[in-house]
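Reader: Hi! Could you walk me through this fold in plain words?
Author: Happy to, let's look at it together.

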Amino acid sequence: MRKLVYISSPLFGDAKRDHSLAWHACRMAMARGNTPFSSHLLYSQMLDCNDPAQRELETRMSGQMLSLCDELWLCGDVISPGMAADEQLAKEQDIPVKYVSMEEMTFRPPDEQAWEEWTEEPPWPAMTTIC
């Protein structure tokens with residue numbers, strides 16, 4: 001049976017880059033035989049995180065999904081405040097935490113400049129909101 005893996009990655013600053021990182025982390029998890037879940041990729045499509053009530057709803061739903069997962073993967077070289085909260089919740093629930101650096105990522109650009117030239121883009125229009 002495939003492990004259900006919660007993908008946590010930075011989501012602040014450059015929305016296109018951050019969503020692309022989450023998408024590629026999910027692809028990497030699938031390539032390794034897991035079933036990924038990324039709240040960034042789902043909830044940012046339907047919630048306005050500039051609205052405090054919707055942001056709180058996103059936080060609660062994400063926590064509920066994390067509690068169902070077998071592992072938490074913290075992806076990227078930066079731990080954002082949201083990722084730190086995910087890590088704390090996982091530890092409180094005895095969910096194993098795996099740290100996945102950019103160097104370890106199978107689907108990643110070789111450097112920061114390559115984000116713009118990356119040939120494999122997520123199959124959606126560029127997102128402008130950060131949730």
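Author: One term before we start: two strands pair if DSSP finds at least two bridges between them. Helices (H or I, at least four residues) and strands (E, at least two) are DSSP runs, numbered from the N terminus. This is a predicted model, where local features need pLDDT of at least 70 and side-chain atom pairs count only at pLDDT 80 or more, while totals for chains, interfaces and linings use all residues. Residues are numbered from 1 along each chain as its sequence is written, and side-chain values use heavy atoms, with hydrogens and water left out.

Reader: Thanks! What is the strand order in the open sheet?
Author: The order is S2-S1-S3-S4, and the 4 strands pair in parallel. S2 (35–37) and S4 (97–100) are the edge strands, each with a single partner, so one side of each has no neighbour in the sheet.

Reader: And how many bridges join S1 to S2?
Author: There are 3 bridges between S1 (residues 4–8) and S2. In one of them, Tyr 6 has Phe 37 of S2 as its bridge partner.

Reader: What about the rings of Tyr 6 and Phe 37, how far apart are their centres?
Author: The structure holds 2 aromatic pairs. Rings of Phe, Tyr and Trp (its six-membered ring) pair if their centres lie within 6.5 Å; planes under 30 degrees apart count as stacked, over 60 as edge-to-face and the rest as tilted. For Tyr 6 and Phe 37 the centres are 5.7 Å apart and the planes stand at 50°, so this pair is tilted. Tyr 6 is in S1 and Phe 37 in S2, so the pair ties together parts 31 residues apart in sequence.

Reader: Which residue forms the edge-to-face pair with Phe 37?
Author: That is Tyr 43, at 6.2 Å centre to centre with 65° between the planes. Tyr 6, Phe 37 and Tyr 43 form one aromatic cluster.

Reader: Are Phe 37 and Tyr 43 buried or exposed?
Author: Buried means under 20% relative accessible area, exposed over 50%, partly exposed in between (1.4 Å probe, protein chains only). Phe 37 is buried at 12% relative accessibility, and Tyr 43 is buried at 7%.

Reader: Switching to H1, how many of its residues are buried?
Author: In H1 (residues 15–31), 12 of the 17 residues are buried. Among them are Leu 21, Trp 23 and Met 28.

Methods. Expected span 1.5 Å × (residues − 1).
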